[in-house]
Amino acid sequence: MKTKLSLLLILLMALASVAGIGVAQEDDTVNILFWQAASHMNPYLGNGDKEFSAASLTLEPLARYGPDGALVPFLAEAIPTVANGGVSEDLTSITWTLKEGLIWSDGSAVTADDVVFSGEFCMHPETGCTVLNNFNDVESVEALDERTVRVNFTGPKPVPYGPFVSYLSPIIQKAQFESCIGAAALECQESFRPIGTGPFVVDEFRTNDVITYTANPNYRVEGQPAFSRAVFKGGGDAESAARAVLETGEADYAWNLQISPAVLTAMQEAGLGTVQAGYATSVERLMINQTNPDPALGDDRSVWMADGSNGHPFLQVDAIWMAMSKAIDRNIIASQLYGIAGVPTCNILLGPAIYASPNNDACLDQDVEGAKALLDDAGIVDSDGDGVREYMGIPLRVSYQTSTNAVRQNTQALVKQWWSDIGIETELRNIDAAVFFGGDIASPDTYSKFYTDIEMYTNGSSSPDPEVYLGNWRTTEITHPDNSWNGGNVARWYSEEYDVLLDEMSQTADLDRRVELAIAMNDLLVQNGVMIPLVYRASVFSALANTVDGFIMNPWESELWNIAEWTRS
Amino acid sequence: MGKYTIRRLLTAIPTILVISFIIFAVVDLSPSDPTGNLPLTIPPEVRQKIREALGADDPFAVKYVKWLQQFFIAEPLNFIETTLGITFPGSEDRVRVISWATRGPVIDIIAERLPQTLWVVGSSYFLGVLIAVPVGVYSAYRQYSIFDQVGTFAMMVGFSVPTFFTGLMFIVIFSVNLKWFPSVYDTTLVVTDIESLQQQLRQMFMPVTVLTLYTTAQMSRYTRASTLDNLQQDYIRTARSKGLTERTVVMRHAVRNSLIPVVTLIALQIPGIFAGALITEQIFRVNGIGQYLIIAIQGGDLPTVQTVTFIFAVLVVIFNIVADVLYGILDPRVTYS
């Protein structure tokens, strides 16, 4: 008995001494942690970011979105535009030219046929392609010569950068995947080790576990990648992934950490790595109800009328909503409640950076006195001495709803205080997120029914191009019982001027003009009291070890988009 | 005994078939969707196409018969082919059980993951038994002694504190603060020399300890109770009155009899080793069978969930028979006829 115990103790001590070596990382290997594991490496069959990202080390598209949202050529020589003749005048086709001398990691040449095949692979009706959206409106893809490919669309396409752009739609090798097209895609064993043009070559693939890569000897940039191996480990949970980078230093990079920024900030204090925040398009905003949410109206509550008869009793008055906006200290909300996860903003469209309007920054500074003066000058004063101002006899009492969430309730409390300082009384409500964002038509508490004066939530564009997102505030998108409360225009805002700008955008290919139009639309939205933007929120967090240089956060692409340029410091 | 075993094995066949049907029905009728985890931006038409490509919308009976055919005919044939290196006619067209999420044969993935699950869960089980039996016996022999009290306390803690808590605690102590052991399990590590063996032992330390704590707690309580029972029997008094040494009385008479139920318990829990330890595998990224099953359930991957759970079910049925037969061998009072 005793000898057994002492044996055990000796064993433990031996283990501890072995352990004393510590958790060393090899310098020439970059260790990447994804808390979701990749099931295979075929982006056209991918189930989520894990597959798309795992493939992005090996497969490359013609062009990727850069960190600023602008396209960067990868396999293509340049980005085709109308100006350089790459996009036809009538906007129905785009012609890409491959870089000269491109070769696959197996040494064979990359040709236009491979590009055409990649399109066929996804568009084959039996493949079950998950990124088929990228090929919307594509009529045909044809190879003009060895290096030139033309994509023809069924109609004018002002933004023709869907097919073969971004990590969702890379080029796969025809010779390798030829036997996998269509129904055969279900059992495609090639998806476990695609041959690519990217900086790394798959060495070993273990389903839902780990992928090991070695540097691609045929990579087109001399001296890249700096690492000779890459390990892409999956599984576990976000918090322990963050810990492995920030606290134990076992990994170099941990992807998409969907945990509280406060927890991440605390882990960062160990000094081994930093939290990287990626800002895409998410903006926390107050929506201002343009219609009357008075319960006494019954079925007409918060229903927009084309004749403008059911407007809000006072929130459409400029002096009132402007004063409400001025009274808010966005810096306090962002720094105290969001920390590394948000920055104050006065715009509704901030990403990509070229679309951010420079015209509204005045609201960044809180101005309570200015807000009071604005109301006083408009004759909106507290005439009966109850501390609440009246507009044409109606006391300024607003109801303000949002989803249940600590940060949002703290924001509500702050805003209520600031508004009471300028003589506006606020009634706060919070609703469980599943109900608030849920689509239950019977529930009176959904954000789309909007049965209050003010509501708060986050929304943003799902693609770098803002056209679809800005289309939310079209008149025909107004949330209404007729469309089962399913419109994007939740504020129920009506503007002919805005609709005209949208129409123009849908026919404009010139980027500079599109930027002008987007900024004009953003300004219309925030200068007409449709919304009061509060905080520009980070949409992704990742952890990066201090020993890795060259990482550039990119919210529009695979987070590993420039891994070829990473180095060990 | 031989007859009994054969009878049990034969009755197991319909049992297993019924189990396979029930599992299939439960998994298929659950409202999971293989396209449910896809990004929200994918429109319903595309989802529909993917479901069609996978065959997820086929009628229940078609899917079930397909799976039966794949599992009971295609897989064994394939196994024979690869192990013996011969080819049966029609080998090209044979469809194996294919996972919807990974698009690879389910059995291959299980085989790929079995080593790490057996290493980690198996060795923790082995260690657990090794520690639990002496601790349980000694606790019973010296009932209410300090050893027994401390042991009981420690075992209660091991039994009641969940593995996700001990796992996390171990990571914070041994990985974050002391930096002794890695918190991420490297499944690609191949043991070739002393150094890689050390590495393997180091990465196994935390998950194995966490699991051992739990198994030991369970097993030692069982051993203790069983030994206590036997120590109060008349034959022990007889043995002592014969003048046998305490050592012989305890080791040869009490312990041997006490271990009969423990052995059957051990046999019954062996399928659990194959099932892996769901939570512990997840915490330390061991990525064994348990983690595979979890991912498959989340992804609505019906062929995988069906195959993995069915293999567990078969193991449970088999080890039940093993336990019963063992009982008959160990305890002469039990006869099957």
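## Briefing on a predicted two-chain model

In chain A, 7 strands build an open sheet, ordered β7-β8-β9-β1-β10-β20-β11, with mixed pairing. The edge positions belong to β7 (200-205) and β11 (273-278) of chain A, each of which pairs on one side only. The model is predicted.

**Overall form of chain A**

- Chain A contains 14 helices and 22 strands.
- Its radius of gyration is 27 Å, close to the 25 Å given by the globule rule for 569 residues, so chain A is as compact as a globular protein of that length.
- Along the principal axes, the C-alpha atoms of chain A fill a box of roughly 80 × 80 × 40 Å.

**Domains of chain A**

- The domain assignment lists domain 1 (1-58 + 198-278 + 540-569), domain 2 (60-191) and domain 3 (283-462 + 530-537) for chain A.
- The centres of domain 1 and domain 3 of chain A, taken over C-alpha atoms, are separated by 42 Å.

**The sheet of 7 strands in chain A**

- Within the sheet that has the order β7-β8-β9-β1-β10-β20-β11 in chain A, β8(A) pairs with strand β9 (residues 229-234) of chain A in the antiparallel sense, over 5 bridges.
- Opposite A:Ile211 stands A:Phe232, a residue of β9(A).
- Helix α6 (residues 261-268) of chain A packs on this sheet and touches β11 and β20 (540-545) of chain A.
- The direction of α6 of chain A makes about 150 degrees with that of β11(A).
- The loop between β8 and β9 of chain A holds A:Pro225, and the peptide bond from A:Gln224 to A:Pro225 is cis, with omega near -5 degrees.

**The sheet of 6 strands in chain A**

- An open sheet of 6 strands in chain A has the order β13-β19-β12-β18-β16-β17, again with mixed pairing.
- Its edge strands are β13 (342-344) and β17 (425-431) of chain A, and each pairs on one side only.
- From one strand to the next, the twist averages 25 degrees.
- β13(A) runs antiparallel to strand β19 (residues 531-537) of chain A, and 3 bridges join the two.
- A:Pro344 has A:Val535 in β19(A) standing opposite.
- Helix α10 (residues 406-421) of chain A packs on this sheet, where it touches β16 (397-403), β17 and β18 (454-459) of chain A.
- The direction of α10 of chain A makes about 170 degrees with that of β17(A).
- The peptide bond from A:Gly351 to A:Pro352 is cis, with omega near -10 degrees; A:Pro352 is found in the loop between β13 and α9 (368-377) of chain A.

**The β5-β6 hairpin of chain A**

- β5(A) and β6(A) form a hairpin that has 2 residues between the strands.
- Strand β5 (residues 138-145) and strand β6 (residues 148-153) of chain A run antiparallel and are joined by 6 bridges.
- The bridge partner of A:Asp145 is A:Thr148 in β6(A).
- A:Asp137 lies in the loop between α3 (112-123) and β5 of chain A.
- Although A:Asp137 is not a glycine, its phi is positive, at about 65 degrees.

**A helix pair in chain B**

- Two packed helices are described by the angle between their axes and the distance between the axes.
- For helix α4 (residues 106-141) and helix α11 (residues 289-298) of chain B, the axes come within 8 Å and cross at roughly 135 degrees.
- On the α4(B) side, B:Ile109, B:Ile110, B:Arg113, B:Leu114 and B:Thr117 meet B:Ile289, B:Gly290 and B:Tyr292 of α11(B).
- By class, the residues of the contact of α4(B) with α11(B) are 5 nonpolar, 2 polar and 1 charged.

**The contact of chain A with chain B**

- Chain A gives 49 residues to the contact, and chain B gives 43 residues.
- The elements that supply two or more residues to the side of chain A that touches chain B are α1 (2-19), β8 (210-215) and α5 (238-246) of chain A.
- α1(A) provides the largest share of that side, with 5 residues.
- The side of chain A that touches chain B consists of 18 nonpolar, 20 polar and 11 charged residues.

Conventions:
Residues numbered from 1 in each chain as written. Chains lettered and ligands numbered in written order. Predicted model: local features only at pLDDT ≥ 70, side-chain atom pairs only at ≥ 80, totals over all residues. Contact = placed C-beta atoms within 7 Å. Helix = DSSP H or I, 4+ residues; strand = E, 2+ residues; numbered from the N terminus. Nonpolar A, V, L, I, M, F, W, Y, C, P; charged D, E, K, R; others polar. Pairing = 2+ DSSP bridges. Domains from an automatic or database assignment. Axes fitted to C-alpha atoms, helices over the stretch in contact; angles between N-to-C directions. Rg over C-alpha atoms; globule rule 2.2 N^0.38 Å.
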